[in-house]
Amino acid sequence: MQRLIPTGDAARPVAFAEVPQPVPQPDEVLIKVEAFAPNRGETFLLEHPRPGLLPGKDVAGLVVQAAADGSGPGIGARVVGHPALGGWAEYAAVPTHSLAVLPDSVDSVRAAALPLAGITALRLLRAAGSLAGRRVLLTGASGGVGHYVTELAVGAGAELTAVTATPVRGERLAELGARVVHEVAAAQGPFDVVLESTGGTDLPVALSKVRPGGLLVWFGQASRSPVTLDFFELFKGPERATIQHFHYAGAPYGSDLATLVRLVERGLLHPEIGRTADWTETAATLVDLRERRIRGKAVLVTGGAR
């Protein structure tokens with residue numbers, strides 16, 4: 001079968017290779033991948049790939065081999081999955097605890113855009129607590145996670161301000177009900193909750209906008225710059241603010257995937273897909289994703305996607 005493997009070349013980070021089909025573990029199904037969605041964090045791993053790296057965590061497709069232990073769906077089921085690796089290929093092995101069955105109304109392209117970004121959004125909002133009537137600031141909002149967080153938070157009754165680099169990248173967020181600004185400093189606080197994903201110089205500014213006793217959840221460092229906090233500067237900012245580190249990872253993922261699929265099916269969640277392309281265009285898409293030239297998610301189609 002064909003698989004995309006790292007090249008170590010920043011200009012063309014992956015290339016096709018002919019490899020054997022994966023052999024599933026007893027608790028894994030083998031799916032024929034119809035679509036997959038890379039994440040910006042994966043583009044960073046490809047800059048200096050470790051030996052044996054097989055990228056690919058967000059996939060949708062058709063079960064062609066059921067799990068030997070009897071768990072999970074049978075042959076012919078359409079599924080979305082979140083394997084630990086290996087999804088950028090014609091076939092992928094996915095643990096049954098980390099997939100969900102797709103209804104006919106949810107196509108593979110939208111499904112593939114759900115796993116990492118959608119699970120992150122769900123778990124991030126759980127960490128933030130009830131948002132009804134609360135003022136929320138979201139930085140780095142124009143990626144896949146940001147669109148999901150915005151739609152879910154506004155739907156839950158939050159008054160959300162989203163920070164994007166440009167007006168174009170904020171258009172859909174405004175349609176979803178966010179107030180959009182283009183610098184953290186321009187956000188009009190104070191905020192009950194700040195969801196911070198850029199790091200660098202933005203986090204201290206965002207922290208200064210938290211109300212006394214409020215919460216900042218730090219869930220990313222998209223700027224790729226570390227944060228410096230000045231103890232004495234905090235005297236000017238919020239008293240008793242809590243800074244909480246957040247990382248989405250931790251299987252099983254099946255229940256959260258099923259929730260995301262159900263929300264899409266009911267018209268309550270709309271994946272923002274900035275590009276859909278044939279998987280022969282993966283290398284160029286990865287570069288554009290890394291350089292933030294794609295709004296929301298990018299989805300690559302291997303063929304036969306519904």
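The questions and answers below concern a predicted model.

User: How many helices and strands does the chain have?
Analyst: The model is predicted, and its secondary structure includes both types of element. The chain has eight helices and 15 strands.

User: Why does the chain count as compact as a globular protein of its length?
Analyst: For 306 residues the globule rule gives 19 Å. The chain comes close to this, so it is as compact as a globular protein of that length. Its radius of gyration is 20 Å.

User: Which residues of helix α5 are buried, and where do they lie around the axis?
Analyst: Helix α5 spans residues 167-175, and its buried residues are Arg169, Gly170 and Leu173. They cover an arc of only 80° around the axis, which puts them on the same side of α5.

User: Is phenylalanine 235 buried or exposed?
Analyst: Phenylalanine 235 is found in the loop between β12 (210-218) and β13 (242-245). Its relative accessibility is 59%, and the cut-off for exposed is over 50%. Phenylalanine 235 therefore counts as exposed.

User: What is the area of the nonpolar surface patch that includes Phe235?
Analyst: Phe231, Phe232 and Phe235 make this patch. Its area is about 410 Å².

Note on methods:
Residues are numbered from 1 along each chain as its sequence is written. This is a predicted model: local features need pLDDT of at least 70, side-chain atom pairs count only at pLDDT 80 or more; totals for chains, interfaces and linings use all residues. Side-chain values use heavy atoms; hydrogens and water are left out. Buried means under 20% relative accessible area, exposed over 50%, partly exposed in between (1.4 Å probe, protein chains only). Helices (H or I, at least four residues) and strands (E, at least two) are DSSP runs, numbered from the N terminus. The arc is that of the directions from the helix axis to the C-beta atoms. Patches are made of residues with over 30% relative accessible area and no salt bridge: like charges are joined within 9 Å, nonpolar side chains (Val, Leu, Ile, Met, Phe, Trp, Tyr) within 5 Å. Accessible areas come from the Shrake-Rupley method with a 1.4 Å probe; for residues, only the protein chains shown count as cover. A salt bridge is a side-chain nitrogen of Lys or Arg within 4 Å of a carboxyl oxygen of Asp or Glu. The radius of gyration is taken over C-alpha atoms; the globule rule is 2.2 Å times the number of residues to the power 0.38.
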